[in-house]
Amino acid sequence: MNDILRSSTCACGQVRCTGIGQPILSAVCYCDDCQAGGHQIESLPNAGAVLEDDGGTAYLTYRDDRFSCVEGAHLLVAYKIRERAPTQRFVASCCNTAMYLKFGPGHWVSAYRRRFEGDLPAIEMRTQTQFRASRAKLPDDAPSYRRFPPRLFWRLVLSRFAMMLGR
Ligand SMILES: [Zn+2]
């Protein structure tokens, strides 16, 4: 099922990225870095919401070789929450739309779910809920974890092998 092609676009339509096949993971993260990174981008001029109402950030995480920016890549600007942070958040500078983040050492890209259209995979887990400040009840459509669960790392490891094997 690697032929599913999903597009994410910035608010003004100049930047478009695509993910091929099923993502490694469809998840919502509440970690302090994702919240800080989301707020940082939301504070840019004319930026739209990055975080969900309860402080979570929903991502579709793709292998590096299955995600790319196909239009307007020259408009992407990388933001970091601190100088030495390992993660860069790429923003379409035309309209200050958060597009995806890249954790330096990793083999994956986490694309902001809210920028995608069409039929999206269900949320599979919510991670780092220890940082969740909202008092709203957590949705029970997927398991929640206070940290990053072994299941998440296992998915990443398997996807790394698949990528090495060219599958
Ligand atoms: Zn734009």
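Two strands pair if DSSP finds at least two bridges between them. With that in mind, here are some close-up views of this predicted model.

**View 1. Strands E8 and E9 form a hairpin.** Four residues lie between the two strands of this hairpin. E8 and E9 run antiparallel and are joined by three bridges. Look for lysine 102, which stands opposite valine 109 in E9.

**View 2. Strand E9 is covered on both faces.** In a regular strand, side chains alternate between the two faces of the sheet. On one side of E9 you can find Trp108, Ser110 and Tyr112, and on the other Val109 and Ala111, all of them buried. Since five of the five residues of E9 are buried, the strand is largely enclosed by the rest of the structure. E9 also pairs with E4 in the antiparallel sense, over five bridges. Here tyrosine 59 has tyrosine 112 of E9 as its bridge partner.

**View 3. Tyrosine 112 sits in the largest nonpolar core.** This core has 28 residues, and Tyr62, Met99, Tyr100, Ala111 and Tyr112 touch the most other members. E3, H1, E4, E7, E8 and strand E9 (108-112) each supply at least two residues of the core. Apart from its neighbours within four places in sequence, tyrosine 112 is in contact with Val50, Tyr59, Ala98, Met99 and Tyr100. In soluble globular proteins, nonpolar side chains tend to be buried together.

**View 4. Seven strands make an open sheet.** Follow the strands in the order E6-E7-E8-E9-E4-E3-E10, and you will see that the pairing is mixed. Strand E6 (76-79) and strand E10 (125-127) stand at the edges with a single partner strand each, so one side of each has no neighbour in the sheet. From one strand to the next, the twist averages 30°. Alanine 78 has phenylalanine 90 in E7 as its bridge partner.

**View 5. Helix H1 lies across part of the sheet.**

**View 6. Glycine 55 is buried in a loop.** You will find glycine 55 between helix H1 (32-42) and strand E4 (57-63). Glycine 55 counts as buried because 20 other C-beta atoms lie within 10 Å. Not counting residues up to four places away in sequence, glycine 55 touches Tyr30, Gln35, Arg132, Ala133 and Ser134. Histidine 39 is 16 residues apart from glycine 55 along the chain, and their C-alpha atoms are separated by 9.5 Å.

Key. Residues are numbered from 1 along each chain as its sequence is written. This is a predicted model: local features need pLDDT of at least 70, side-chain atom pairs count only at pLDDT 80 or more; totals for chains, interfaces and linings use all residues. A residue is buried if 20 or more other C-beta atoms lie within 10 Å of its own, exposed if 12 or fewer, and partly exposed in between; C-beta atoms are placed from the backbone. Two residues are in contact if their C-beta atoms, placed from the backbone, lie within 7 Å. Axes are lines fitted to C-alpha atoms, for helices over the stretch in contact, and angles run from 0 to 180 degrees between N-to-C directions. A nonpolar core is a set of buried Ala, Val, Leu, Ile, Met, Phe, Trp, Tyr and Cys residues joined through C-beta atoms within 7 Å.
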